[in-house]
Amino acid sequence: MKIRPLLLALAAAFGAAALPTLAATPAPINVKIVGFNDFHGTLESPGTFGQNTTVPSASRPAVGGAEYLAAYVAAMKARNPNTVVVGGGDFIGASPLISALFFDEPAVESLNKIGVDFSAVGNHEFDKGSAELRRLQNGGCKMVGALVDPNSCKGFGSSAPGTFDGARFKWLSANVIENATGRTLLPAYGVKSFNGVKVAFIGMTLKGTPGIVTPTGVAGLTFNDEADTVNALVPRLRAQGIEAIVVLVHQGGFQNAPNAGVVNASDINGCLNDLKNPDGSASDIAKVVARLDNAVDLVISAHTHAAYNCSKNTTDVTGSSAATKVTTARATGLPNKAGRLVPVTSASAFGRVLTEIDLLIDPATRDVIDVSPNNLLVDRSNATANATIAANPEVKTLVASYKTAVSPLANQVVATITAGMGNSAAASGEMEAGDLIADAQLQATQPASLGGAVMAFMNAGGVRSPGFVKPAAASYPYDLTYADAFTVQPFGNSLVTLTLTAQQIKDVLEQQFAGCKGQGTQRIMQVSNGVSYSWSATAPACAKIVNLAFTPTDVTVYPPVVTAPTDNLVINGVVQNPAKTYRVTVNNFMATGGDGFTTFVGGTGVQGGAQDIDALVAYLVGYKGVAAAYNPTSAVLKKPRIVVAP
């Protein structure tokens, strides 16, 4: 029934005075949400980045940097005072030296000035344990005994020199429970009101955090299921009159081409193949969304460092170049348990991208009636941003102050390299940067007094972006600095040498593949000089290692030298001498079963060693100077070390 025409007819017949006065329908409330994730303390620009991969490298702008994030957020707030700034986690941890040397206090101070309101905790928030996370939340100096650590409380972005104010935003941890108290470690959700209407933000990390963080970092904590946690909170929020619910979750997915004939251009506003895995299965984030209560209006995700925009504004881009680019605009989202498509976003990493989301809320029902997200580059050439920074250089000054403080260490040249070594893996899983790190860890533990190791394994996730590469303006040979090295190895893990049998070595290599001994996903380890193996992509779980050989090699000398004949541990899938033992070096994260490598826990004769960054720098120093430069193509490095068998 059409009400308005009927009323007009009645007015004409009886006179307008006979009709009751109609209340004006209140206009929807427009709320702006600014989201980003996986900042990792990246105070300075991480380099160039394009809208998608069809943009030529030379045309991709420099992006990011804390002062530019602040300027972009300020512009968004100027457009709409009803703005809230939120994060998907990993704001700290695995940070560049400019933040990490100072215990990520610079990152927190920068995020305060950017104007963050709430953030989910990510797995890296637990790198240094829950007590340290609470210190960063609440403030106070890092103590060494009764003394303040000299690298803490610089105070460049706090209320006074010699202080650290802590985070003015709230970290949220709805699914992280303290075993001793039964309560959440940090608040489960945050609420912000706009024109009298409340919006709730539930923050969580992935439930698999204990498997990817050193055990000491998550000691005494339980990580609950993400969807179950959200669904249990919905009645509590509705009891407070809250109908607008946003989930901030440190879990994610990737855009993937739907078939082999399509090239994924990874547009920052794409949702190619609805984030399905290459095998067609649902991504981790899709599995979470598929079980969410219909009350959830928006999911801001993270963790994978990917950019995507699964919403009514999706723009998929395929093609290998501008000439072959195909753009497809379509309405998407990921289905919840009711089958409704929920908008799901992610903003890459390192401050390259911001997600600007406009919500429309009905003030009468308090329901979200529209969600409109857009991912945009944090372009450092933007004139408005540069004018904002010039007018208010507070964040720029903060970054410059920490850069000055870190420079004496950061600028030390530790090696010369003839070519770049990235952290992108070949089809076999081998990484150039990973090879170098494994060799460094073997060198640090090869002497008998330091462990007597004969081989080393390095987890791929610990080889951080971008690897050992020159800046855009430099050329090869390139003098690698301490800061460059630290960026690739920022965790501060310590080395552990242990004894494994040939059977255990084969078992742990099998454990790299999903479905074997509890492994949930493929995780190819990097191996040291002298180790080589082949694996079959088509073989069943726990039977993928075809051949494994070990050639004893002394890496304490430059160049490395073979010291004994090759030992074939596995031939055609069969371990030749299962009980024979070898001394193997890994980091403490792996030694305690991290990344699902539980076989390492069964090692014996455990001996601790140096920190990973110290081992790396000590190894690199042997390649200092053009005459001694590290050449990743040198035959003495015995590459490739990993091969995918037919």
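Which residue forms a salt bridge with Arg135, and how far apart are the closest N and O atoms?

## Salt bridges of Arg135

In this predicted model, Arg135 forms a salt bridge with Glu105, with 2.9 Å between the closest N and O atoms. The pair links distant parts of the chain, as Arg135 belongs to helix α5 (residues 130-138) and Glu105 to helix α4, 30 residues apart. Both residues, Arg135 and Glu105, are buried.

Arg135 also meets the side chain of Glu132 in a salt bridge, at 2.9 Å from N to O. These two residues both lie in helix α5, three residues apart, or about one turn of the helix. The relative accessible area of Arg135 is 11%, and that of Glu132 is 10%; because the cut-off for buried is under 20%, Arg135 counts as buried, and so does Glu132.

## Packing of α4 and α9

The axes of helix α4 (residues 105-114) and helix α9 (residues 394-410) come within 10 Å and cross at roughly 175°. The two helices are therefore roughly antiparallel. On α4 the contact involves Pro106, Glu109, Ser110 and Lys113, and on α9 Glu394, Val395, Leu398 and Tyr402. These contact residues comprise four nonpolar, one polar and three charged.

The model has 25 salt bridges. One of them joins Asp439 and Arg641, with the closest N and O atoms 2.9 Å apart. Asp439 sits in helix α10 (residues 432-445) and Arg641 in the loop between α14 (612-620) and β38 (642-645), so the bridge ties together parts 202 residues apart in sequence. Asp439 is buried at 0% relative accessible area, and Arg641 is buried at 1%. Through shared partners, salt bridges join Glu432, Asp435, Asp439, Lys639 and Arg641 into one network.

Definitions and conventions:
Residues numbered from 1 in each chain as written. Predicted model: local features only at pLDDT ≥ 70, side-chain atom pairs only at ≥ 80, totals over all residues. Heavy atoms only, no water. Axes fitted to C-alpha atoms, helices over the stretch in contact; angles between N-to-C directions. Helix = DSSP H or I, 4+ residues; strand = E, 2+ residues; numbered from the N terminus. Parallel < 35°, antiparallel > 145°, perpendicular 65-115°, else oblique. Contact = heavy atoms within 4.5 Å. Nonpolar A, V, L, I, M, F, W, Y, C, P; charged D, E, K, R; others polar. Salt bridge = Lys/Arg side-chain N within 4 Å of Asp/Glu carboxyl O. Buried < 20%, exposed > 50% of the residue type's maximum accessible area, 1.4 Å probe, protein only.
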